[in-house]
Amino acid sequence: MPELPEVEDAARRLRQAALGRTIERADTFHPSLARSLTPSAQRRLAGRRIVGVERRAKIQLITLDDGALIEVHFRMTGDWAFGTTADTPPPYERVRFVCTDGTCISLTDVRAFAVVRVHAPGTFVLPMLGPEPLDDTFTADVLYAALRRTRGPIKTVLLDQRVLAGLGNIYAAEALWRARIHPARVASSIARARVATLRDAIRDALQAAPAGRYYDAGEEPRDGADDWQVYDREGLPCMRCATPVRRIVQAGRSTYY
């Protein structure tokens, strides 16, 4: 699943490819995407110029010249592909923005869970989100205060976007391994000094994210054993102590420690 580093990389690539271009038309190629990017929304995009691309948590926001916003969630397997009207469409293309200069911006998605919505100027409201983990506002004190307010297991708490914006399952597991904190530990029981270590571990895990997309060119998941310290390494020796990595399920998601 694309998490903060992957979505940030996608937003950067989109910014480079799309900024300043004018949308000629938008097309959808799957019923689930047509439900969020309706025919009326598609018509509204015609003739609009892209003036900004931002990321907040796992949400990408495309700003148009009239103040409208295109909200994009990749969900499980979304990504961007770029080409021209002369190119063969990419595999699993679900939405295509065709620009007046012939550029094609395609949202690809194996599972078709992604969401694209258009919001009229001044109507979009972000959900309640915590601090961005790579921002200076994310301090040990901020994290400690958030953890003190809950008695859930630390791994589950870290996935709450109201606590921390953009952190997902993979990097939460990686951060806890780096901080040497058991994923089932009650969040509010973690001492202030350990929380400071965890804060640094979260930032380190995100900054050490493997380059490139989570899905390779053939749209198959990359082998996590090659990319991460602990995630998806069940049964393999721990890189720190050589004990076999274990897997448990928390809130319906695999946790490795």
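1. Basis of the model. The structure is a predicted model, in which local features need pLDDT of at least 70 and side-chain atom pairs count only at pLDDT 80 or more, while totals for chains, interfaces and linings use all residues. Residues are numbered from 1 along each chain as its sequence is written, and side-chain values use heavy atoms, with hydrogens and water left out.

2. Overall fold. The chain has 7 helices and 10 strands, where helices (H or I, at least four residues) and strands (E, at least two) are DSSP runs numbered from the N terminus. With a radius of gyration of 20 Å, close to the 18 Å that the globule rule gives for 257 residues, the chain is as compact as a globular protein of that length. The radius is taken over C-alpha atoms, and the globule rule is 2.2 Å times the number of residues to the power 0.38. Along the principal axes, the C-alpha atoms fill a box of roughly 55 × 40 × 30 Å.

3. Of the 257 residues, 49% count as buried; here buried means under 20% relative accessible area, exposed means over 50%, and partly exposed lies in between, with a 1.4 Å probe and protein chains only. Among contacts (heavy atoms within 4.5 Å) between residues at least 6 apart in sequence, 64% join residues at least 24 apart.

4. Surface. The chain exposes about 11900 Å², and carbon and sulfur atoms supply 50% of that area. Accessible areas come from the Shrake-Rupley method with a 1.4 Å probe, and for residues only the protein chains shown count as cover.

5. Charges. There are 37 positive and 31 negative side chains, and the centres of the two sets lie 7 Å apart. Lys and Arg count as positive and Asp and Glu as negative, whereas His and the chain ends are not counted; the place of a charge is taken as NZ of Lys, CZ of Arg, CG of Asp or CD of Glu.

6. Salt bridges. Side chains of opposite charge can pair when their charged atoms come close. With a salt bridge defined as a side-chain nitrogen of Lys or Arg within 4 Å of a carboxyl oxygen of Asp or Glu, the count comes to 17. One of them joins arginine 25 and aspartate 27 at 3.0 Å, N to O; arginine 25 is partly exposed at 36% relative accessible area, and aspartate 27 is buried at 18%.

7. The pairs at glutamate 132. The side chain of arginine 55 meets that of glutamate 132 in a salt bridge of 2.9 Å, N to O. Arginine 55 lies in strand β2 (residues 50-56) and glutamate 132 in the loop between β8 (115-119) and α4 (140-148), so this pair ties together parts that are 77 residues apart in sequence. Arginine 56 also forms a salt bridge with glutamate 132, at 2.9 Å, N to O. Since arginine 56 lies in strand β2 and glutamate 132 in the loop between β8 and α4, the pair ties together parts that are 76 residues apart in sequence.

8. Setting of that network. Glu8, Arg55, Arg56 and Glu132 are linked in a network of salt bridges. Within this group, glutamate 132 is buried with a relative accessible area of 7%, arginine 55 counts as buried at 19%, and arginine 56 counts as partly exposed at 23%.

9. Residues with positive phi. Most residues other than glycine have a negative phi. Arginine 180, however, has a positive phi near 60 degrees; arginine 180 is in the loop between α6 (169-179) and α7 (192-207) and is exposed, with a relative accessible area of 60%. Alanine 251 likewise has a positive phi, of about 50 degrees, and is found in the loop between β9 (247-250) and β10 (253-256), where alanine 251 is exposed at 64%.

10. Two further exposed positions. Proline 39 is found in helix α3 (residues 39-45) and is exposed at 51% relative accessible area; proline 39 and threonine 28 are 11 residues apart in sequence and 9.0 Å apart in space, C-alpha to C-alpha. Valine 125 has its place in the loop between β8 and α4 and counts as exposed at 65%, while valine 125 and phenylalanine 74 are 51 residues apart in sequence and 18 Å apart in space, C-alpha to C-alpha.
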